[in-house]
Amino acid sequence: MSSEIFYKKAFIKVQDLFIPLVCQGSNNTWDISWNGREIPEKNWFVLNYHYKGQILFSETAIRDIAATYRQI
C-alpha cells in the first residue's frame, strides 16, 4: 500500500493572484538517476482540488483549498 508525500510547496504571484504549487510523490515509486542511483519520484502539481482546470487563485480561494486538504 502506498501513500502520497508532500515534499515542498511554492507560490507564484501573478499580479494580485497566486499559483499554488506542491511537489509530491508516492512513498513506493522510484526514478533512476543518471548514475544508476534510485531516488524517490517527485513531481510538481498545481494545488487545485475542487477547482479543476483553474490555476490562478485569490488568497481566499487558497485558504479554502487548504481547509479542504486539512479535512482529508
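Start with the open sheet: three strands in the order E1-E2-E5, paired antiparallel. Strands here are DSSP runs of E with at least two residues, numbered from the N terminus, and two of them pair if DSSP finds at least two bridges between them. At the edges sit E1 and E5 (43–46), each pairing on one side only. From one strand to the next the twist averages 30°, taken between lines fitted to C-alpha atoms, with angles from 0 to 180 degrees between N-to-C directions.

A quick note before you click on: this is a predicted model, where local features need pLDDT of at least 70, side-chain atom pairs count only at pLDDT 80 or more, and totals for chains, interfaces and linings use all residues. Residues are numbered from 1 along each chain as its sequence is written, and side-chain values use heavy atoms, leaving out hydrogens and water.

Next, select residues 4–14 and 17–26. These are E1 and E2, antiparallel and joined by ten bridges. Which residue in E2 is the bridge partner of Ile 12? Pick Ile 19 and you've got it. Now go to the hairpin, with two residues between the strands, and click Gln 15: its phi is positive, near 55°.

Last stop: Phe 6, in strand E1. Is Phe 6 buried, exposed or partly exposed? Partly exposed, with a relative accessible area of 46% (buried is under 20%, exposed over 50%, partly exposed in between, using a 1.4 Å probe and protein chains only).

Methods. Helix = DSSP H or I, 4+ residues; strand = E, 2+ residues; numbered from the N terminus.
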